[in-house]
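I am opening a notebook on a structure that is new to me. I will write down what I looked up, one topic at a time.

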Amino acid sequence: MNGDTQRENSTMGEQPAPADLMQRLDALESRVAYQEHWLDTLDEAVAVQERRLSQLERINTLIQEKLRDQQRALQDADAETPRPGDEVPPHY
């Protein structure tokens, strides 16, 4: 696990003891398992966020459509309602 220990062993020409190798291998396996766990956790979080984003985009589209419909309805109502300047006074 320690880079200095590895360099010392290789420069001295000694082979690391099998117990040391097993300890290093166990540590590496533990780190890989931990990283795999976090990758799975992050992958699930991204998937949840993607589903939520899609849902929010659909809601946003629906709200925009409703807002456009309401604006058109208001414009139509304004066009149909006579304005005070358009009305002919009753004495004419």
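I began with Tyr34, which counts as exposed because its relative accessibility is 53%, and exposed is the word for values over 50%. I keep in mind that I am reading a predicted model. When I looked up where Tyr34 sits, I found this residue in helix H2.

Next I looked for aromatic pairs, and the structure holds one. The partners are Tyr34 and Trp38, with ring centres 6.3 Å apart and planes at 70 degrees, so I noted the pair as edge-to-face. The reasoning rests on a cut-off, since planes over 60 degrees apart count as edge-to-face.

I then asked which residues form a nonpolar patch on the surface.

**Entry on salt bridges**

How many salt bridges does a search of the whole structure find? The search gives two, and I took them one after the other.

In one of them Arg51 is joined to Glu44, and the closest N and O atoms are 3.6 Å apart; I count this as a salt bridge because the cut-off is within 4 Å. Arg51 counts as exposed, with 51% relative accessibility, while Glu44 is partly exposed at a relative accessible area of 45%.

The other salt bridge is formed by Asp69 and Arg72, whose closest N and O atoms are 2.9 Å apart. I looked up their spacing too, and found that Asp69 and Arg72 are three residues apart in helix H2, which puts about one helical turn between them. Asp69 counts as partly exposed at 42% relative accessibility, and Arg72 is partly exposed as well, with a relative accessible area of 43%.

**Entry on the whole chain**

Last, I stepped back to the chain as a whole, where the secondary structure comes to two helices and zero strands. Of the 92 residues in the chain, 1% are buried, a word kept for residues under 20% relative accessible area. The chain exposes about 8700 Å², and I noted that carbon and sulfur atoms supply 55% of this area.

Technical notes: Residues numbered from 1 in each chain as written. Predicted model: local features only at pLDDT ≥ 70, side-chain atom pairs only at ≥ 80, totals over all residues. Heavy atoms only, no water. Helix = DSSP H or I, 4+ residues; strand = E, 2+ residues; numbered from the N terminus. Buried < 20%, exposed > 50% of the residue type's maximum accessible area, 1.4 Å probe, protein only. Areas by Shrake-Rupley, 256 points an atom, 1.4 Å probe, with all protein chains shown as cover. Phe/Tyr/Trp six-rings, centres within 6.5 Å; stacked < 30°, edge-to-face > 60°. Patch = residues over 30% accessible without salt bridge, like charges linked within 9 Å, V, L, I, M, F, W, Y side chains within 5 Å. Salt bridge = Lys/Arg side-chain N within 4 Å of Asp/Glu carboxyl O.
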